[in-house]
Amino acid sequence: MKAEVREIKAEGWVCGKCQEPLRQLPVEITYMGSSFQVELPRCPVCGFTFIPPDLAYGKMREVEKLLEDK
Amino acid sequence: MLCRVCPDHGAFQETIWRGKPDFETWRRPKTPVTGLKTQTSAERGCPNDCGRCPDHGQHACTVLLELTTLCNLRCPVCFANSGSLEDTPVPADTFIERMHWIREEAGEVVLQLSGGEPTLYPELAPLVKEGLKLFPAVQLNTNGIRLAEDFQMVQELAEAGLSWVFLQFDGVSDQTFEKIRGRALFDIKMKAIEACAKAGLSVVLVPTVAAGINDHEMGELFRLALSLGPTVRGVHIQPMTTSGRNPFPGSAGRLTLPEILTKLHEQTGGLVRPEAAFPPSCEHERCSFHLRYRRKDDGTIVPMGGESECCCKTTDVPLSAEETAEGRRRSVEVTLNSWQAPAPKPLLGIPMSGQTNAFDEFIAKARQEVFSLTCMAFQDVWTADLARLRGCCVHVFSPPDKLMPFCAFNLTSADGRPLHRRG
């Protein structure tokens, strides 16, 4: 079952540490030697990235399961 | 060596492990699961009480359902001793009842339709369709002859949703097929793969391998399989045993797991690296190895977990009963992810945002590239180990109402008499 994921925009989010508004920036996602790029809300100063729960429990979980080994 | 003493016949010994990785380092012990549904009681002792009896220690990840004893080959080698020309057909409704029974007793398993040669069963596609209502995947164990001859059948199987074809494929030369199957079959096998590709079915190549017969062709077979991706999703090697019909002497032709790994390493110019192989989390540690790769367009492969070697899967600390049960779930899931055909249009009909598109594209690409190399060392009367039988997760449905570990079900004595198999 593919869950629909809401697009999370950077607007309205601020980095707690740097107090900088988050921006939609490319993020390299690497899992067990396999990587790909995706745009996510990210702090332009420290690079801290906000991963919305829908994404973590949805598509990211699907990727993890795909790469999971016995 | 496995050494045993029979009070009537004396001492026996048989090689069960030879070469690298060392026997001592290949560890993944498991605490037996409890609470399994059983169909018999433990009275006479393993393996006489199969199955399953309360001494069994692992769930099934795969259950074989044999549709017929008929076969369109008469292979010199056949663990099922198939090849009869006559069979009393079992009605499809009976098989559907058996599927419901299997679902109830064994849970979410991969259902393997087997035989004999299951493509000779007249209502195969409807059974595949029914099976998929109950199980996450239905696998067809076939010699491929009918698939090569009858494209309509292949199309019907694809339309029914068949998960993948487990294609008997022993080597890359007709000499190999003549020795093991009694016929030159290479072109027929390739035609079967071509038909599956055309219909969108995925295929796993399943060679039966024996020393001095076809073990020199494993590397070339591996490369051939890679070149036939993504239709061909992997190679699943089965070292030959003496169970059933077999004209070759067991000890002479026997290959152990480390020997298979070493030969693959040598024959692929180092492409297959033995140190990247791990013992299983589902079945007993001595029963199999597995490797998963990403198959790149340039013909190279990358281990699925990256280049770094992991040591966390080889351990002397036994998995808990819960982890052993979890190993079965993972095995079913990984098998589905590895062998099922990648969806041709994964985004069809689902409006996706930019973020999810990137993930979906990655998932779709990874599904295309996954390629697995697995090997399962079945046991025969010379190598049978009760601990391995009790830890078995590949079960056979034995009519009317039993689930037996595959190697126990197919066990035959030195003079060919079956312990459990009938017909």
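Mentor: A crossing is left-handed if the near helix is turned anticlockwise from the far one by less than a right angle, and right-handed if clockwise. Helices (H or I, at least four residues) and strands (E, at least two) are DSSP runs, numbered from the N terminus. This is a predicted model: local features need pLDDT of at least 70, side-chain atom pairs count only at pLDDT 80 or more, and totals for chains, interfaces and linings use all residues. Residues are numbered from 1 along each chain as its sequence is written, chains are lettered from A and ligands numbered from 1 in the order written.

Trainee: In which hand does H4(B) pass H6(B)?

Mentor: The crossing is right-handed. Phe151(B), Val154(B), Gln155(B) and Ala158(B) of H4(B) meet Ala195(B), Cys196(B) and Ala199(B) of H6(B). Contact means C-beta atoms, placed from the backbone, within 7 Å. H4(B) spans residues 151-160 and H6(B) residues 186-199. Their axes lie 9 Å apart, at about 45°.

Trainee: Which residues of H9(B) are buried?

Mentor: Buried means 20 or more other C-beta atoms within 10 Å of a residue's own; exposed means 12 or fewer, partly exposed in between. In H9(B), residues 257-267, the buried ones are Leu257(B), Ile260(B), Leu261(B), Lys263(B) and Leu264(B). They span an arc of only 165° around the axis, so they sit on the same side of H9(B). The arc uses directions from the helix axis to the C-beta atoms. Their cover includes helix H7 (218-227) and strands S9 (232-239), S10 (288-295) and S12 (370-376) of chain B. Just after H9(B), Gly269(B) has a positive phi of about 60°.

Trainee: What pattern does chain A follow?

Mentor: Along the sequence, chain A reads β-β-α-α. Of its 70 residues, 20% are buried.

Notes
Axes fitted to C-alpha atoms, helices over the stretch in contact; angles between N-to-C directions. Contact = placed C-beta atoms within 7 Å.
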